[in-house]
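Have the structure open as you read.

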Amino acid sequence: MHKATLFVNNYPRGALPKALVSYFNLDFEVRDATASPEFAKEFPLKKIPAVVFPDGSHLTEIIAIVQYLVESTENENIKKDLLGTNALERAQVVRWMSLANSDFMMPLTEAFLETIDQLPYHGDLVKIQLESVDKAAKVFEDRLNAHEFLVADRLTLADLMVASLYVFGFSTLLGKTWRSQHPGIMKWFDKVSKSPICRDILKKDRFVEEPAKHR
Ligand SMILES: N[C@@H](CCC(=O)N[C@@H](CS)C(=O)NCC(=O)O)C(=O)O
């Protein structure tokens, strides 16, 4: 293997890593994890995104991977803008990415998988999970009602990653009514979706009007 390989598929956490490799023209081979026996062999948890380096070492976890991809660009100004210009900004970038990846994305994914019967369905549990999603979303909504972006009033990696996870929500369980109740998030999403880095992955044409329902 001569270059690092980034494994993704069409699941939500693969979109931003793939977009970063493409936009910054990074020296990574991007492979479809689903079609690759090597992926399952190398990564027993079978979760994307995942990277194998030419020396055989691994990198997993979306936050670590997107940070590493931005660090791999040669433009120091872009790196600073996206990752933070001081210790506190860098910590705030990680803070928002982690909040979205855990408190928002985990209950949302489970609620969705239960709704479409890819996990056992229990209506009460889905309700509790969606309440957790709303609690986390309120933290984002409050921030975005008072500020244009998540960190430091300019676009950072936090905005790109968090928006790339929200788009999954807007395409599944967070329908038109939910979106109308979160104007701060929607105004911010609109702004982030114009960034050339990720405009191809933040498309509104996948938004659902009505949330997916259990049959
Ligand atoms: N902790 C991991 C979670 C990765 C993850 O759950 N990825 C999902 C796709 S968005 C996945 O591969 N799911 C497949 C599975 O759970 O079998 C991270 O933050 O990157």
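Let's start with glutamate 76 and lysine 79, which form a salt bridge with their closest N and O atoms 3.2 Å apart. (A salt bridge here is a side-chain nitrogen of Lys or Arg within 4 Å of a carboxyl oxygen of Asp or Glu.) Both residues sit in helix α4 (residues 76-83), three residues apart, or about one turn of the helix. Helices are DSSP runs of H or I with at least four residues, strands are runs of E with at least two, and both are numbered from the N terminus. An α-helix has 3.6 residues a turn, so residues three or four places apart point the same way.

Buried means under 20% relative accessible area, exposed over 50% and partly exposed in between, using a 1.4 Å probe and protein chains only.

A word on the ground rules: this is a predicted model, where local features need pLDDT of at least 70 and side-chain atom pairs count only at pLDDT 80 or more, while totals for chains, interfaces and linings use all residues. Residues are numbered from 1 along each chain as its sequence is written, and side-chain values use heavy atoms, with hydrogens and water left out.

The structure holds eleven salt bridges. Aspartate 190 takes part in one with lysine 194, at 3.7 Å between the closest N and O atoms, and in another with lysine 204, at 2.2 Å from N to O.

As for accessibility, aspartate 190 is partly exposed at 27%, lysine 204 is partly exposed at 43%, and lysine 194 is exposed at 56%. Elsewhere, Asp81, Glu89 and Arg154 are linked in a network of salt bridges.

Most residues other than glycine have a negative phi, and most peptide bonds are trans. Lysine 46 has a positive phi of about 55°; it lies in the loop between α2 and β3 and is exposed at 55% relative accessible area. Proline 49 is in the loop between α2 (37-42) and β3 (50-52) as well, and a cis peptide bond with omega of about 0° joins isoleucine 48 to it.

Aspartate 153, in the loop between α6 (123-146) and α7, has a positive phi near 55° too.

## Where the domains meet

The assignment, which is automatic or from a database, gives domain 1 (4-74) and domain 2 (79-206). Their C-alpha centres lie 21 Å apart. The contact (heavy atoms within 4.5 Å) takes 15 residues from domain 1 and 18 residues from domain 2.

About 1,600 Å² is buried between the domains, with carbon and sulfur atoms giving 76%; this is the accessible area (1.4 Å probe) that the two parts lose on being put together, summed over both. In domain 1, Arg13, Leu16 and Ile63 lose the most area to domain 2, together 32% of what that side buries. The count of salt bridges between the domains is zero.
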